[in-house]
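Reader: Please give me a close look at one residue and its surroundings. Then carry on briefly through other parts of the fold.

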Amino acid sequence: MVTTDPIADYLTRIRNAISARHRVVDIPASNMKKEITKVLYDKGYIQSYKFEDLGPQGQIKIALKYNSQTKESAIVDLRRASKPGLRKYAKASSLPRVLNGLGIAVMSTSKGIITDKEARTLNIGGEVLCYIY
């Protein structure tokens with residue numbers, strides 16, 4: 001299956017798994033998806049992840065994080081910002097703030113895939129990939 005926007009497919013698979021209350025979701029791997037997964041883990045939005053090298057592409061297994069009392073997901077919403085038809089870039093002086101700093105914007109910069117807060121401290125801009133809160 002050929003997807004024109006693999007990042008949107010990645011976000012949709014996670015969104016669908018959360019709405020179906022799955023514990024683990026399998027996603028076809030790519031280098032950019034692996035880096036986004038690492039950012040999600042570092043910021044506490046997912047419980048764990050594992051990269052499996054099965055076949056030519058490989059898989060990413062993501063264990064989703066839920067609150068033990070309320071059974072609510074740690075991820076409330078995932079939105080794709082930059083699309084193949086309309087790329088969104090942000091300068092270092094005008095980086096986006098998600099929910100007034102409560103969420104994160106995942107960005108592709110010259111320093112790799114980082115959050116908007118890290119980009120502010122490094123004073124660099126880049127392509128805004130998605131918003132997560």
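Author: **Contacts of one residue**

Asp116 is in contact (heavy atoms within 4.5 Å) with Leu95, Pro96, Arg97, Val98, Ile104, Ala105 and Met107, leaving aside its neighbours within four places in sequence. This is a predicted model: local features need pLDDT of at least 70, side-chain atom pairs count only at pLDDT 80 or more, and totals for chains, interfaces and linings use all residues. Numbering starts from 1 along each chain as its sequence is written, and side-chain values use heavy atoms, without hydrogens or water.

Asp116 sits in helix H3, residues 116-122. Helices (H or I, at least four residues) and strands (E, at least two) are DSSP runs, numbered from the N terminus. Asp116 is buried, at 2% relative accessible area. Buried means under 20%, exposed over 50%, and partly exposed in between, with a 1.4 Å probe and protein chains only.

Now strand E6, residues 104-109. Five of its six residues are buried, so E6 is largely enclosed by the rest of the structure. Strands pair if DSSP finds at least two bridges between them. E6 pairs with strand E8 (residues 126-132) over five bridges, antiparallel. E6 also pairs antiparallel with strand E7 (residues 112-115), over four bridges. Ser108 stands opposite Glu127 in E8 and opposite Ile113 in E7. Two residues separate E6 from E7 in a hairpin.

Elsewhere, three strands form an open antiparallel sheet, ordered E1-E3-E2. Strands E1 (24-28) and E2 (46-52) are the edges; each has a single partner, so one side of each lacks a neighbour in the sheet. E2 and strand E3 (residues 59-64) share six bridges. Phe51 stands opposite Ile60 in E3.

Two helices meet these strands. H1 (residues 6-19) lies across E1 and E3, at about 165 degrees to E1. H2 packs on the sheet, touching E1, E2 and E3, and makes about 155 degrees with the direction of E2. Axes are lines fitted to C-alpha atoms, for helices over the stretch in contact; angles run from 0 to 180 degrees between N-to-C directions.

In H2, Lys33, Ile36, Thr37, Val39 and Leu40 are buried. They share one side of H2 because they cover an arc of only 160 degrees around the axis. That arc uses the directions from the helix axis to the C-beta atoms. On the other side, Asn31 and Asp42 are exposed. Just after H2, Gly44 takes a positive phi of about 85 degrees.
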